[in-house]
Amino acid sequence: IVRSVLDDAGYSESSTQEDADVILLNTCAIREKAETKIWTRLNEIRAKNRKKKKDDRQTVAILGCMAERLKEKLLERADVVAGPDAYRDLPSLIDVVSGGKASAAFNVQLSTEETYGDIRPVRDNHSSVTAFTSIQRGCNNVCSFCIVPHTRGRERSRALNSIVDEVSLLAENGYREVTLLGQNVNSYFDRTMSDSSETKSETAKGFTNMYKLRDGSGHRFADLLEAVAEIDPEMRVRFTSPHPKDFSDDVLE
């Protein structure tokens, strides 16, 4: 998604890190080791930048969950800090810093609507067989051990037709397997479709759901699975990660 946004803004990928004007570090805040790696990389890049003339120094951008969690602390070592819902603003944030208008720029505003569903991802082509497609962002479960709702915001699902279009393109390009991604994929609920009937969200037997946000008309995870599976009978469809409480009978069927 980030590649697509920057490509549209006129940026191009450099052949090596040394040739780059901008370095982007995509981060995770789930495990301490993941954050430690970022601090190490930041220190390495800063050490190299100190040896360069001011105009030759590389702009460093921190993206993702760690950017959301540590905001001001990261601005002490990075030029740009962008949370997981701020990728559309990356060109302007980078331009502010590289153009000398400010020493640092950040946007860590979480959204209740952003899904990037209209942005076609640029894939790295490491595999022409399997691909990953995001179907939702955020999470509403707020489990006591998990930081995701605080760093990625509330749950919202992509429009079903945008997912079908993306998977169709993958099938046309020869991909044989697609994995549908989400923090809680089987709570998927697309409210944008007007041809669906009024229904209540169902939990698996023995569970209750404290959130009533998915009642009403719209397409649910079982509808999405069916729609994606019909695109190409030869394509394998996987998904991760599901939650036991939302594994209702219609999903199993």
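A polar contact, as used in this note, is a pair of N or O atoms within 3.5 Å; within protein, one must be able to donate a hydrogen and the other to accept it, and residues adjacent in sequence count only if both atoms are side-chain atoms.

Before the points, a word on the basis. This is a predicted model, in which local features need pLDDT of at least 70 and side-chain atom pairs count only at pLDDT 80 or more, while totals for chains, interfaces and linings use all residues. Residues are numbered from 1 along each chain as its sequence is written, and side-chain values use heavy atoms, with hydrogens and water left out.

1. **The polar contact of Asn107.** The side chains of Asn107 and Asp89 are joined by a polar contact of 2.6 Å. Asn107 lies in strand E4, residues 105-107 (helices, H or I with at least four residues, and strands, E with at least two, are DSSP runs numbered from the N terminus). With a relative accessible area of 19%, Asn107 is buried; here buried means under 20% relative accessible area, exposed over 50%, and partly exposed in between, with a 1.4 Å probe and protein chains only.

2. **Overall picture.** You will find 8 helices and 13 strands in the protein. The C-alpha trace spans about 60 × 40 × 30 Å along its principal axes. Of the 253 residues, 44% count as buried.

3. The structure holds 13 salt bridges, each being a side-chain nitrogen of Lys or Arg within 4 Å of a carboxyl oxygen of Asp or Glu. One of them pairs Arg69 with Glu35, and their closest N and O atoms are 2.7 Å apart. This pair links distant parts of the chain, since Arg69 sits in helix H3 (residues 65-75) and Glu35 in helix H2 (residues 32-50), 34 residues apart.

4. **Glu166 and its arginines.** Arg123 and Glu166 meet through their side chains in a salt bridge of 2.6 Å, N to O. Here, too, distant parts of the chain are linked: Arg123 is in the loop between E4 and strand E5 (130-134), Glu166 is in helix H6 (residues 160-172), and the two are 43 residues apart. Arg123 counts as partly exposed at 22% relative accessibility, and Glu166 as buried at 10%. Glu166 also forms a salt bridge with Arg158, with the closest N and O atoms 3.0 Å apart. In this second pair, both Arg158 and Glu166 are buried. Elsewhere on your list, please include Asp85, Arg137 and Arg156, which are joined into one network by salt bridges that share partners.

5. **Backbone points to check.** Most residues other than glycine have a negative phi, and most peptide bonds are trans. Tyr116, although not a glycine, has a positive phi of about 60 degrees. Val142 is another non-glycine residue with a positive phi, near 50 degrees. Val142 is found in the loop between strand E6 (136-137) and helix H5 (148-152) and is partly exposed at 40% relative accessibility. A cis peptide bond, with omega about 0 degrees, joins Thr240 and Ser241. Ser241 belongs to the loop between E13 and H8.

6. **A negative surface patch.** Asp223, Glu226, Glu230, Asp249, Asp250 and Glu253 form a negative surface patch (patches are made of residues with over 30% relative accessible area and no salt bridge, with like charges joined within 9 Å and nonpolar side chains, namely Val, Leu, Ile, Met, Phe, Trp and Tyr, within 5 Å). At least two residues of the patch come from each of helix H7 (221-229) and helix H8 (249-252). Glu230 is in the loop between H7 and strand E13 (236-240), and with 58% relative accessibility Glu230 counts as exposed.

Technical notes: Areas by Shrake-Rupley, 256 points an atom, 1.4 Å probe, with all protein chains shown as cover. Lys, Arg positive; Asp, Glu negative; His and termini not counted. Charge placed at Lys NZ, Arg CZ, Asp CG, Glu CD.
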